[in-house]
Amino acid sequence: AEIKECIPEEVEKEKQGLTDTYRNYASQSNVEWADFLEQQLGYTEEEFDQDAEMYAEQVVTEKMVIYALAEKAGVKVTEKDYEKELQRILEYYGMSDESQFQQSYGMTLQQYSEIYGVRLNLLLDMTLDKYYEEFSK
């Protein structure tokens with residue numbers, strides 16, 4: 001697949017998400033942002049911004065490829081598929097319900113899903129399964 005241009009808004013969203021994650025780590029450690037970058041990551045703020053931009057572009061490119069492959073294969077994640085996957089996650093962690101998950105992990109299952117890209121990963125898995133079935137014939 002060839003991506004001619006990443007969607008700038010999506011790149012910025014990914015970059016901001018990465019930055020927010022690391023800023024949260026710095027805050028939890030009671031360390032100033034610039035000190036955290038230097039001590040924990042070996043970056044200046046400018047270097048971090050540059051690498052975060054490249055990372056975000058890579059993530060957006062990968063997402064665009066996944067969405068294109070899924071569309072070509074006619075694969076869509078339904079709400080039923082998504083809810084089944086969330087239930088599988090609960091079972092994987094040995095949880096009986098979402099409130100137990102939230103108590104244990106300090107976030108809702110929906111927040112977990114957003115942070116870890118559950119819907120996108122499910123789409124990728126379903127798409128790969130579909131292509132595997134087609135190529136195995």
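Me: What's the lining of the second largest pocket like by class?
Reply: Seven nonpolar, one polar and three charged residues. Ala, Val, Leu, Ile, Met, Phe, Trp, Tyr, Cys and Pro count as nonpolar, Asp, Glu, Lys and Arg as charged, the others, Gly among them, as polar. This is a predicted model, with pLDDT of at least 70 needed for local features and 80 or more for side-chain atom pairs, while totals for chains, interfaces and linings use all residues. Residues are numbered from 1 along each chain as its sequence is written, and side-chain values use heavy atoms, without hydrogens and water.

Me: Which residues line the second largest pocket?
Reply: Glu-85, Arg-88, Ile-89, Tyr-92, Tyr-93, Tyr-112, Tyr-116, Val-118, Asn-121, Leu-122 and Asp-125. Helix H4 (79–92), H6 and H7 each give two or more of them.

Me: And the largest pocket, how many residues line it?
Reply: 33. Glu-14, Lys-63, Glu-114, Ile-115 and Gly-117 lie nearest its centre. By class, the lining has 18 nonpolar, seven polar and eight charged residues.

Me: Which helix gives the most to that lining?
Reply: H1, with ten residues. H1, helix H3 (45–73), helix H6 (109–116) and helix H7 (118–135) each supply at least two. Helices are DSSP runs (H or I) of at least four residues.

Me: Switching to Glu-14. Where is it found?
Reply: In helix H1, residues 8–28.

Me: Is Glu-14 buried or exposed?
Reply: Buried, because its relative accessibility is 14%, and the cut-off is under 20% (1.4 Å probe, protein chains only).

Me: What does Glu-14 contact beyond its neighbours within four places in sequence?
Reply: Ala-56, Val-59, Val-60 and Lys-63. Contact means heavy atoms within 4.5 Å.

Me: What counts as a pocket here?
Reply: An open set of points on a 1 Å grid over the protein atoms alone, where a 1.4 Å probe fits, with protein on both sides within 12 Å along at least five of seven lines. Lining residues have an atom within 4 Å of a point.

Key: Buried means under 20% relative accessible area, exposed over 50%, partly exposed in between (1.4 Å probe, protein chains only).
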